[in-house]
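Visitor: I'd like to learn how to read a model like this one, feature by feature. Please show me what we'll be looking at.

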Amino acid sequence: MKVGELYKFGWVYNGCRLNRKLAVYLGPDFIHRSDGEWIENHRVLVIGDSESSLIDRGLLGAMRLYDECR
């Protein structure tokens, strides 16, 4: 995954708003919990949205570089 590149989500799950959407990858966004644990998340900007979205690392597998989707 490269920051600034355009990716397309595949089918995530029924009713997910990210299904088959295009998004710009903004990079990792870790959360440091009060118990000392680090949670790996990532930021994306879905095309058409005015604010970025936080996704967990499990969704990275549902994203494909847009050039590869055509």
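**A loop residue to start with**

Visitor: Where is Arg20 found?

Guide: Arg20 sits in the loop between S1 and S2. Strands (E, at least two residues) and helices (H or I, at least four) are DSSP runs, numbered from the N terminus. One caution before we go on: this is a predicted model, where local features need pLDDT of at least 70 and side-chain atom pairs count only at pLDDT 80 or more, while totals for chains, interfaces and linings use all residues. Residues are numbered from 1 along each chain as its sequence is written, and side-chain values use heavy atoms, with hydrogens and water left out.

Visitor: Is Arg20 buried or exposed?

Guide: The idea is a cut-off on relative accessible area: under 20% is buried, over 50% is exposed, and in between is partly exposed (1.4 Å probe, protein chains only). Arg20 has 53%, so it counts as exposed.

Visitor: What does Arg20 touch?

Guide: Contact means heavy atoms within 4.5 Å. Setting aside residues up to four places away in sequence, Arg20 touches Lys8, Phe9, Gly10 and Trp11. For a sense of distance, Arg20 and Ser53 are 33 residues apart in sequence and 15 Å apart in space, C-alpha to C-alpha.

Visitor: Now the overall layout. How many helices and strands does the chain have?

Guide: There are 7 strands and 1 helix, in the order β-β-β-β-β-β-β-α from the N terminus on. The C-alpha trace spans about 45 × 25 × 25 Å along its principal axes. Of the 70 residues, 26% count as buried.

Visitor: Which residues have the most contacts inside the largest nonpolar core?

Guide: A nonpolar core is a set of buried Ala, Val, Leu, Ile, Met, Phe, Trp, Tyr and Cys residues joined through side-chain atoms within 4.5 Å. The largest one here has 13 residues, and Phe9, Leu18, Val44, Ile55 and Met63 have the most contacts inside it. Strand S1 (6-9), strand S2 (22-28) and strand S5 (41-46) are the elements that give two or more residues to this core. Take Phe9: beyond four places away in sequence, its contacts include Leu18, Val44, Ile55, Leu59 and Met63.

Visitor: How many aromatic pairs are there?

Guide: Rings of Phe, Tyr and Trp (its six-membered ring) pair if their centres lie within 6.5 Å; planes under 30 degrees apart count as stacked, over 60 as edge-to-face and the rest as tilted. That rule gives 1 pair. The rings of Tyr7 and Tyr25 have centres 6.3 Å apart and planes at 75°, so they are edge-to-face. Tyr7 belongs to strand S1 and Tyr25 to strand S2, 18 residues apart. Tyr7 is buried at 5%, and Tyr25 is buried at 4%.

Visitor: How many salt bridges does the structure hold?

Guide: Side chains of opposite charge can pair when their charged atoms come close. The rule used is a side-chain nitrogen of Lys or Arg within 4 Å of a carboxyl oxygen of Asp or Glu. The structure holds 4 of them. In one, Asp49 pairs with Arg17, the closest N and O atoms being 3.0 Å apart. That pair links the loop between S5 and S6 with the loop between S1 and S2, 32 residues apart. Both ends are partly exposed, Asp49 at 31% and Arg17 at 47%.

Visitor: Which residue does Asp29 meet in a salt bridge?

Guide: Asp29 meets Arg43, at 2.8 Å from N to O. Asp29 lies in the loop between S2 and strand S3 (31-32) and Arg43 in strand S5, so the bridge ties together parts 14 residues apart in sequence. Arg33 and Asp35 form another bridge, at 2.7 Å.

Visitor: One more strand residue. Is Asn41 buried or exposed?

Guide: At 8%, Asn41 counts as buried. It lies in strand S5, and its contacts beyond four places in sequence include Asp29, Phe30, Ile31 and Ile55.
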